[in-house]
Amino acid sequence: MKNVLLIDDDIMEHKLMHVFLTRRYEDDFGLTYVDNLDDGIEALQSHAFDTVFIDNFLPPYTGAHETYPIISRHVGGASLIYISSGFLAIDLTDTGAARKYNFIDKLEVKDRIMNGLLEA
């Protein structure tokens, strides 16, 4: 069973993620949705997740360069994937050794899940 956390301020992203996961895994997944970083950290402290999807522009933050230092201490062994329809150059070019996250365009999430993203 795949356990997924979605941190995104847009409820439609939750609905879409649920559809994508249902098409790929039928009922063999758990999806937890929160709309802010504080609730995401609380969820990470109380549950184990395989994958964490986080909106790159999660208010009041302006990108992974701001949220990663906060969330990285709580992710554990989960894959951390930033999703957005656009990314800032600072987030894409920061290749520090401590960075352990990936970026996926929101328009590609469905195809990537259907092609086994969560198995990687």
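This report walks through the fold of a predicted protein model, from its overall layout to single residues.

## About the model

Because this is a predicted model, local features need pLDDT of at least 70 and side-chain atom pairs count only at pLDDT 80 or more, while totals for chains, interfaces and linings use all residues. Residues are numbered from 1 along each chain as its sequence is written, and side-chain values use heavy atoms, with hydrogens and water left out.

## The overall layout

Let's begin with the big picture. The protein has five helices and five strands, and from the N terminus on they run β-α-β-α-β-α-β-α-β-α. These elements are DSSP runs numbered from the N terminus: helices are H or I with at least four residues, and strands are E with at least two.

Buried residues make up 41% of the 120 residues. Here buried means under 20% relative accessible area, exposed means over 50%, and partly exposed is in between, using a 1.4 Å probe and protein chains only.

The five strands form an open sheet in the order 2-1-3-4-5, with parallel pairing. Two strands count as paired if DSSP finds at least two bridges between them. Strand 2 and strand 5 (102-105) stand at the edges with a single partner strand each, so one side of each has no neighbour in the sheet. From one strand to the next, the twist averages 25°.

Strand 1 and strand 2 are joined in the parallel sense by six bridges; in one of the pairings, Val 4 has Leu 31 of strand 2 as its bridge partner. Helix 1 (residues 11-25) packs on the sheet and touches strand 1, strand 2 and strand 3. Its direction makes about 175° with that of strand 2. Such angles run from 0 to 180 degrees between N-to-C directions, with axes fitted to C-alpha atoms, for helices over the stretch in contact.

## The nonpolar cores

In soluble globular proteins, nonpolar side chains tend to be buried together. A nonpolar core is a set of buried Ala, Val, Leu, Ile, Met, Phe, Trp, Tyr and Cys residues joined through side-chain atoms within 4.5 Å. The largest one has 20 residues, and those touching the most other members include Leu 5, Ile 7 and Tyr 82. At least two residues each come from strand 1 (2-7), helix 2 (37-46), strand 3 (51-55), helix 3 (64-71) and strand 4 (79-84). Helix 2 gives the most, with four residues.

Apart from this core lies another, of 16 residues, including Leu 6 and Ile 104.

## Two sides of helix 2

Which residues of helix 2 are buried? They are Leu 37, Gly 40, Ile 41, Ala 43 and Leu 44. They lie on the same side of helix 2 because they cover an arc of only 160° around the axis, where the arc is that of the directions from the helix axis to the C-beta atoms. On the other side, Asp 38, Glu 42, Gln 45 and Ser 46 are exposed.

The buried residues pack against strand 1, strand 2 (29-34), strand 3 and helix 3. At the N-terminal end, Asn 36 caps helix 2, with a side-chain oxygen 3.2 Å from the backbone nitrogen of Asp 38.

## A closer look at Ile 83

Ile 83 lies in strand 4 and is buried, with a relative accessible area of 1%. Its contacts (heavy atoms within 4.5 Å) include Leu 6, Asp 8, Phe 53 and Ile 104, not counting residues up to four places away in sequence. Ile 83 and Asp 8 are 75 residues apart along the chain, and their C-alpha atoms are separated by 9.0 Å.

Key. A polar contact is a pair of N or O atoms within 3.5 Å; within protein, one must be able to donate a hydrogen and the other to accept it, and residues adjacent in sequence count only if both atoms are side-chain atoms.
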